[in-house]
Amino acid sequence: MAKDDYDVVVFRILAYLYAIFKGKQIFDQRIFLKVISKVEEDYLYRVLEMMQSKGLIEGLQFKKAWGGAVILINDLDDISITSDGIHYLLENSRMKKVKDFLSGQMGAIASLIQLVFTVV
């Protein structure tokens, strides 16, 4: 599974936003970008636009530019997870596989997974 694999990027985004929803994290763009881990900006915006069109996230506004490029026209901190996004993160079999794959890694994503998925 590659770091920039679509499912991995979606999981990272949803897990971070779910941590915010649960009150375990406040949105910090530096941390958000660290969690999604070296994803090119144009690819990130296409993924975010697709996630929003599927109803997994909300709050972002996009414009199509010359050549089909997607441009974010508001701030990333306007993003939030939807109930469909929470359900997708917790119940989708691909998300469970990504979680299992990333749980064994070191760094920000492993800490986030423990924060979000550990029941206290």
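Student: What should I keep in mind about the model and its numbering?

Tutor: Residues are numbered from 1 along each chain as its sequence is written. Because the model is predicted, local features need pLDDT of at least 70 and side-chain atom pairs count only at pLDDT 80 or more, while totals for chains, interfaces and linings use all residues, and side-chain values use heavy atoms, with hydrogens and water left out.

Student: What span should helix α1 have, and how far apart are its end C-alpha atoms?

Tutor: Helices are DSSP runs of H or I with at least four residues, strands are runs of E with at least two, and both are numbered from the N terminus; the expected span of a helix is 1.5 Å times one less than its number of residues. For the 16 residues of α1 (residues 6-21) that gives 22 Å, and the end C-alpha atoms are 22 Å apart, which agrees. After α1 comes G23, with a positive phi near 80°.

Student: How many residues of α1 are buried?

Tutor: Buried means under 20% relative accessible area, exposed over 50%, and partly exposed in between, with a 1.4 Å probe and protein chains only. In α1, 13 of the 16 residues are buried.

Student: How is the packing of α1 and helix α5 described?

Tutor: Two packed helices are described by the angle between their axes and the distance between the axes. Axes here are lines fitted to C-alpha atoms, for helices over the stretch in contact, and angles run from 0 to 180 degrees between N-to-C directions. The axes of α1 and α5 (residues 93-103) are 9 Å apart at an angle of about 85°, and the two helices are therefore roughly perpendicular (65 to 115 degrees; under 35 is roughly parallel, over 145 roughly antiparallel, the rest oblique). The contact (heavy atoms within 4.5 Å) involves D7, V8, V10, F11 and R12 of α1 with R94, M95, V98, K99 and L102 of α5.

Student: Which side chains meet in a salt bridge between these helices?

Tutor: Side chains of opposite charge can pair when their charged atoms come close. A salt bridge is a side-chain nitrogen of Lys or Arg within 4 Å of a carboxyl oxygen of Asp or Glu; R94 and D7 form one at 3.2 Å, N to O, linking α5 to α1 across 87 residues. D7 counts as buried at 16% relative accessibility, whereas R94 is partly exposed at 40%.
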